[in-house]
Amino acid sequence: MSRSGNDFILRPEQLSAYQRDGYLVLEDVVTEAELGAIEPTFQRFIEGRVPGMGRDFCDMSGPYGRAFEDFNLVNAVLPRVYDPSLVGNVFEQRASSIARQLMGADATLDYDQFLAKRPRRPGAVFAWHQDLGYWPTGTPDTRTVTCSLALDDATPANGCLQVVPGSHREPRLRAHRPSAWSTSPELREEAHTLTVELGPNDAVVSLPVKRGSISVHDERIVHGSPGNGTSGWRRTYVVAHRSRATVDYERSIGFTHSHNDVISWKTHLQALEPTAAHAGS
Ligand SMILES: O=C(O)CCC(=O)C(=O)O
């Protein structure tokens, strides 16, 4: 037990494992009673009952514009913006505590996200990526601590997170490509999803996480997740922290992590080509 009020205290070996591997699994970060307080709000989003979200409510496994019943991987971005009652909840506070220990006192909550894989949806795949590949370059300090709270036991069968340990230490970001369903020049206008190739030496590790426990990952680790082959949901609540200066930079260029942001994704993708210099390398 490492909960201490609204903090969650990491052991020295967990701090060093995060630096070495690029991820952690932390047990019992949120209690059953605390989960019960969060869940009704989570459900309002995931069941499509929050109006006015535009592209912030979409299928993370497919193109924009799919009918809701066809979503495989329901994705609600920035729920705390659409429902400020989430601000300061116990998971946010423990995630902040964990982020401060892993990246320093200026760790600042950057964005949140609700994800839910529908039952029996082999297509509920989160494509392989590095989070930094999704974000604007030009941030001198790229550090990010992303905490993902399991609302259901996450298992290999229902499509739990998979990582390539140590890939966060590669000197350059891998080239990110728009996923196959995108065809227009402004590719991110058709679907948000980007993907990287796995190489023959990439050793994939699955991260089963029990309800109330969390995984934590670095912005450069290669990760993704397969479809859901079970009769139950896999629901996840994501909270990401970056440095105060980086969050301020993002906002100064109009980037809020909302899919409704107006960003030149073509320019961004060109900047990610392996031959181009970019701040993330
Ligand atoms: O939990 C998952 O399936 C993937 C989530 C993810 O890629 C992320 O939070 O960066």
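Strands here are DSSP runs of E of at least two residues, and helices are runs of H or I of at least four, both numbered from the N terminus. The model is predicted, so local features need pLDDT of at least 70 and side-chain atom pairs count only at pLDDT 80 or more, while totals for chains, interfaces and linings use all residues. Residues are numbered from 1 along each chain as its sequence is written, and side-chain values use heavy atoms, with hydrogens and water left out.

Next, select residues 234-243, which form strand 15; this strand pairs with strand 6 in the antiparallel sense over 10 bridges. Two strands count as paired if DSSP finds at least two bridges between them.

Now select residues 73-77, strand 5, which is antiparallel to strand 6 and joined to it by five bridges. Within this pair, leucine 73 has lysine 117 of strand 6 as its bridge partner.

Select residues 107-117, strand 6. Why is strand 6 largely enclosed by the rest of the structure? Because 11 of its 11 residues are buried (buried means under 20% relative accessible area, exposed over 50%, partly exposed in between, with a 1.4 Å probe and protein chains only).

Show the whole chain. The chain has six helices and 15 strands, and buried residues make up 55% of its 281 residues.

Finally, select residues 271-281, where pLDDT (the predictor's confidence in each residue, from 0 to 100) stays under 50. Where pLDDT is low, the predicted coordinates should not be read in detail.

Notes
Contact means heavy atoms within 4.5 Å.
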